Amino acid sequence: MEMNKQFPWMDKSLSPRERAEKLVAAMTLEQKIAQLHGAMNTINIYDMPSMDEMSEMSPEEQDQLMAQIQVQRHVKGIEELGIPRFRITNGPVGVGMGDGHPSPPATALPMTIGLAAGFDPELAREYGDIIGSETATLGQHVLEGPGVCLHRTPIAGRNFEYFSEDPYLSGVMGVEVTKAIQEHDVIAMGKHYAVNDQEYERFRTSVELDEHVLRELYLLPFEMLVKDGDIAAMMSAYNRVRGVYATESRYLLNDILRDEWGFQGYVQSDFWSCRSAAASLNAGMDHEMPDAKWLNETNVKNALQDTSLEIETVDRALVRRYTQMFRFNQFERPYNPGEIDAKGHGARSRKIGSQTAVLLKNEDEMLPLDPKAYGSIVIIGQSEFVDDACNGGGGSSKVTPLYTVPPVEGMQNVLQGLGSDSKVSKFTVAKDLSNLKEAKAAAAGADMVIIMAGLVASEGFDLPNPNMLNDQNRMVDELLDINPQTVVVMKDSSPVMMPWISKAKAVLEAWNQGTEDGHVVADLLFGVVNPSGKVPTTYAASEDDLLYAGRPERYPGTDEGNGFPVIRYSEGLNMGYRWFQSQGIKPLFPFGYGLSYTSFELSGFSVTPSTDGKSPVTVNVTVTNTGKVAGAEVVQVYLGIPVQGQPPKRLVGFQKVYLEPNESREVTITIDPTATSHPMGVWDYYERNFVVRPGEYTVYVGTSSEDTPFKGTVVVD
């Protein structure tokens with residue numbers, strides 16, 4: 001009670017917003033300004049290495065560079081007002097760089113792209129629950145994630161921390177992660193708003209795209225985070241959108257985010273994405289991180305004096321953030337970091353990882369391997385894939401793992417648990433392949449060869465091409481000639497080319513698994529777990545098939561005379577699987593594709609139509625496990641929209657079904673035209689809204705974007 005008399009904003013009978021307003025009313029101007037920004041000492045980011053220079057660094061050197069700039073990720077507290085030190089940590093693949101140096105270790109989860117491959121909202125909830133729990137345990141207030149930008153190209157440096165090329169899948173999974181994080185009284189922060197789909201020249205580039213493309217693809221998962229996830233914060237992007245920096249775009253930060261979608265949270269800048277004081281605050285950016293390069297006393301006071309900024313706008317920014325802090329009881333919670341349940345969360349990470357791997361090829365049912373059939377097993381690959389767990393995710397989201405399970409150790413553990421006496425060894429191939437001859441000899445002398453290869457992408461720069469780095473393709477290609485008993489395990493941050501694919505009998509995409517890498521891969525190879533993932537982004541057969549091939553204006557952008565690169569999304573809605581289908585290009589592996597150790601059959605398809613464009617459409621299909629082992633299939637529903645310029649198909653629903661051998665289950669998937677994801681809607685330039693056009697809508701049902709054997713129609717009058 002005494003506290004309430006001293007600090008009336010601590011009165012819990014008031015709403016979070018009322019409490020925030022009382023607090024701001026009690027602050028001096030200097031206190032307000034001090035709360036507008038992070039507390040890191042300002043550095044000149046342009047003195048940092050260029051993207052090209054960073055691309056030449058090793059992962060260790062990149063981590064050291066990031067460590068130099070991550071010491072202070074907080075806003076200073078004001079004790080006399082009861083305002084706590086506001087602690088911010090990065091995500092979205094686990095608790096990454098947080099407040100303090102060094103950042104405390106946490107569970108290194110599978111990459112977000114891998115989570116999306118699970119096609120399972122329940123997995124996303126569990127993933128977010130681990131992150132939220134650990135963020136709270138470590139005394140942090142904000143988790144910068146989930147990231148829901150789209151995989152427009154397979155070479156984008158941050159594809160690993162985004163979900164998919166598909167906006168609906170990204171939105172569904174992102175909403176579940178958000179809800180789970182915020183259940184721990186942690187602020188989740190959607191990022192990077194908006195169209196931050198490449199790392200090359202991310203501080204300078206301007207993205208030009210049509211409004212319907214922006215709305216139907218790139219903003220859709222953000223809209224779902226706001227409306228379905230009630231997300232507390234957004235992070236604005238580095239890039240320009242139509243010539244205006246995202247942090248200064250009133251159209252994005254106010255007109256769409258707040259006025260149209262009803263967002264009640266606050267907007268934080270990405271680190272050093274703030275470019276101004278008055279313009280950014282007026283547009284709707286509320287908080288600068290990580291320093292006070294722009295929202296410092298000099299700039300803010302000058303702007304107030306010359307009336308380019310009003311004090312009410314400053315107050316508005318603070319009220320928005322404090323409202324969310326009060327909403328999640330962050331003023332009352334003392335800073336008392338605890339201990340993460342490393343073993344328990346590691347076991348959960350192992351479960352998630354095993355449900356997200358994708359079986360890409362399995363000729364003659366080579367997998368699963370018989371754990372007792374091989375006297376000697378050798379794991380061959382370059383250091384980052386065979387010497388330790390493949391943590392992945394370079395840059396600010398890199399997690400310092402509590403522990404790791406390397407490939408050899410993990411495989412030995414799993415084999416012992418299966419009663420096998422197989423001996424597991426490894427051979428580390430040099431980056432320059434100088435010992436490839438010796439690697440071949442090791443392969444020739446083993447009963448079973450497991451090649452491990454892939455790529456680990458990083459924030460800060462895009463990949464030069466979709467091939468694996470360091471000539472790993474040559475390594476894989478030549479090793480596949482040595483021993484017919486060879487399996488390829490891919491550990492990727494993003495889809496890659498596989499020019500050797502015709503030689504391989506079995507290929508498993510395991511992604512960058514993090515902490516439990518060794519156990520997860522062994523569980524899958526030896527059939528402890530049946531792989532059930534589906535690729536969330538299309539794998540192209542050739543770089544020439546990608547939307548930017550021969551089109552530099554699409555990527556990496558061109559200088560159109562303004563002095564900065566402009567990227568034109570001239571492909572329109574034809575991105576991802578929509579691009580391949582609209583162009584008649586056969587991909588290596590289509591969106592939604594993934595094999596299993598068992599077989600499934602779909603039957604009994606029916607559609608209950610809606611004729612008014614408002615009532616739900618119900619899709620029914622029966623799934624039967626026709627094989628000999630338990631497994632899971634993902635039923636996918638796509639829709640053909642009868643509007644000129646629309647791609648052949650868009651994903652509008654999916655459901656993962658776990659079945660025992662010979663078990664059948666009817667699956668019902670509802671397409672609700674009024675849902676936040678606008679499954680039947682297109683953007684109308686005159687209505688300034690999504691509308692459902694009259695016409696004949698085609699409903700496709702199957703197990704990938706290409707494999708949709710069932711087709712029905714819905715006629716909207």
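**Reading burial, contacts and strands in a predicted model**

Q: At 2% relative accessibility, does Gly-98 count as buried or exposed?

A: Buried means under 20% relative accessible area, exposed means over 50%, and partly exposed lies in between, with a 1.4 Å probe and protein chains only. At 2%, Gly-98 therefore counts as buried. Gly-98 belongs to the loop between strand 2 (86-90) and helix 6 (112-117). Its C-alpha is 22 Å in space from that of Arg-327, and the two are 229 residues apart in sequence.

Q: On what kind of model do these values rest, and how are residues numbered?

A: This is a predicted model, in which local features need pLDDT of at least 70 and side-chain atom pairs count only at pLDDT 80 or more, while totals for chains, interfaces and linings use all residues. Residues are numbered from 1 along each chain as its sequence is written, and side-chain values use heavy atoms, with hydrogens and water left out.

Q: How many helices and strands are there in the protein chain?

A: Helices (H or I, at least four residues) and strands (E, at least two) are DSSP runs, numbered from the N terminus. The protein chain has 21 helices and 26 strands.

Q: What does the radius of gyration say about the protein chain?

A: The radius is taken over C-alpha atoms, and the globule rule is 2.2 Å times the number of residues to the power 0.38. For 717 residues, a compact globule would have a value near 27 Å, and the 26 Å of the protein chain agrees with this. Along the principal axes, the C-alpha atoms fill a box of roughly 75 × 60 × 60 Å. Of the 717 residues, 63% are buried.

Q: Which residues is Lys-32 in contact with, leaving aside neighbours within four places in sequence?

A: Contact means heavy atoms within 4.5 Å. By this rule, Lys-32 is in contact with Val-24, Met-27, Ile-311, Val-314, Asp-315 and Leu-318. Lys-32 is part of helix 3 (residues 29-34) and is buried, with a relative accessible area of 9%. Across the protein chain, among contacts with a separation of 6 or more, 77% involve residues 24 or more positions apart.

Q: Which side chain makes a polar contact with that of Lys-32?

A: A polar contact is a pair of N or O atoms within 3.5 Å; within protein, one must be able to donate a hydrogen and the other to accept it, and residues adjacent in sequence count only if both atoms are side-chain atoms. The side chain of Lys-32 makes such a contact, of 2.8 Å, with that of Asp-315.

Q: What does the side chain of Asn-512 reach?

A: At 3.2 Å, the side chain of Asn-512 reaches the backbone oxygen of Lys-491, and at 2.5 Å it makes a polar contact with the side chain of Ser-493. Asn-512 lies in the loop between strand 15 and helix 20 (517-525), and its 0% relative accessibility counts as buried. Beyond four places in sequence, its contacts include Leu-109, Cys-390 and Leu-455. Of these, Cys-390 is buried, with a relative accessible area of 1%.

Q: Where is Arg-204 found, and which residues does it touch?

A: Arg-204 is found in the loop between strand 4 (187-193) and strand 5 (206-208). It counts as partly exposed because its relative accessibility is 32%. Not counting residues up to four places away in sequence, Arg-204 touches Arg-240, Tyr-245, Gly-563, Phe-564 and Pro-565. A polar atom of its side chain lies 2.6 Å from the backbone oxygen of Gly-563.

Q: Why is helix 9 described as largely enclosed?

A: Helix 9 (residues 211-218) has eight residues, and seven of them are buried, so the rest of the structure largely encloses it. Among the buried ones are Glu-211, Arg-215 and Tyr-218.

Q: How many disulfides does the structure hold?

A: A disulfide is a pair of cysteine sulfur atoms within 2.5 Å. The structure holds zero disulfides. For Cys-149, the nearest cysteine sulfur is that of Cys-274, 19 Å away. Cys-149 is buried, with a relative accessible area of 2%.
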